[in-house]
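Here is a short briefing on one protein model. Keep the sequence and the coordinates open while reading.

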Amino acid sequence: MRLTLPLLLLSATPALAQPVCEAPSGPLETCLVGAWVGSSTIPQALEQAMRSMPDNVAANFSSFGVPVAMIIYDDGFFETFPITADGFATFVDSEGDVTSFEMVGQTVTTAGYISAIGGTLDLCYLPGALGNLNGEMTVTTNGESTTVPLFAVPENTFNPVISYSCSGDSMQQNVALPAPLGTITYNLTRVPLDAFGDARREVVE
């Protein structure tokens, strides 16, 4: 079974690290600026991907990627907030033995700068603020379980296309990922900045 699917999704959403991360040269579109919360189609994309696998694989990612939250400042600085990364999958081998995989985790805060060019978003990450996964995975076979920490997502240069639209207090982002995942959609609603408590920009910069 490919256990890399959930990790690939988190490591590629949104774009991964670039060599240099600096503030954009021009102003951001006004409707992008603010504090945002919302939902994503991550669970549906993961389950659709699993349906393309053999019949002896079953999975549930209903709580994966919930909730989505981020702040975008008027100078292009952004920070995201942790989301859940929980999932459960089973695999039946040719002899009928069942192995289950239970993942319980959370993403780590990311921070960097965002530019909006021609209806697409370009994100870069500050050193040490790329984010990753914290948590553990429990593998159970024939009643015997082993629990291991989630391994770190390796940094790479994969940079998916992120298109967006925004109006008033609503924003949608569409992240184009390779098959079998396809496009991930984020539906976000603007909220007061104090909904996040103390802003952490000073901490992550």
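Asp169 is partly exposed, and its relative accessible area is 47%. This is a predicted model. Asp169 takes part in a salt bridge with Arg190.

**Salt bridge**
- The count of salt bridges comes to one.
- Arg190 and Asp169 form the pair, and their closest N and O atoms lie 2.8 Å apart.
- The two residues are 21 residues apart, so the pair links distant parts of the chain.
- Arg190 belongs to strand E13 (residues 183-191).
- Asp169 sits in the loop between strand E11 (162-167) and strand E12 (170-176).
- Arg190 has a relative accessible area of 23%. Buried requires under 20%, so Arg190 counts as partly exposed.
- Asp169, at 47%, is partly exposed as well. Exposed would require over 50%.

**Closed barrel**
- Eight strands form a closed barrel in the order E1-E3-E4-E7-E8-E11-E12-E13.
- The pairing in this barrel is antiparallel.
- From one strand to the next, the twist averages 35°.
- Strand E1 (residues 34-40) pairs with strand E3 (residues 68-72) over five bridges, in the antiparallel sense.
- Which residue in E3 is the bridge partner of Ala35? The partner is Ile71.
- Strand E13, which holds Arg190, is one of the barrel strands.
- Strands E11 and E12, on either side of the Asp169 loop, also belong to the barrel.

**Open sheet**
- Five strands make an open sheet in the order E2-E5-E6-E9-E10, again with antiparallel pairing.
- Strand E2 (57-60) and strand E10 (144-149) are the edge strands, and each pairs on one side only.
- Neighbouring strands of this sheet are turned by 15° against each other on average, direction ignored.
- Strand E5 (residues 87-92) and strand E6 (residues 98-107) pair in the antiparallel sense over six bridges.
- Within that pairing, Ala89 has Phe101 in E6 as its bridge partner.
- Strands of a sheet pair through backbone hydrogen bonds, either parallel or antiparallel.

**Helix H2**
- Helix H2 covers residues 42-51.
- Its buried residues include Ile42, Pro43, Ala45, Leu46, Ala49 and Met50.
- Where do these residues lie around the axis? They cover an arc of only 165°, which puts them on the same side of H2.

Methods:
Residues numbered from 1 in each chain as written. Predicted model: local features only at pLDDT ≥ 70, side-chain atom pairs only at ≥ 80, totals over all residues. Heavy atoms only, no water. Pairing = 2+ DSSP bridges. Helix = DSSP H or I, 4+ residues; strand = E, 2+ residues; numbered from the N terminus. Axes fitted to C-alpha atoms, helices over the stretch in contact; angles between N-to-C directions. Salt bridge = Lys/Arg side-chain N within 4 Å of Asp/Glu carboxyl O. Buried < 20%, exposed > 50% of the residue type's maximum accessible area, 1.4 Å probe, protein only. Arc of directions from axis to C-beta.
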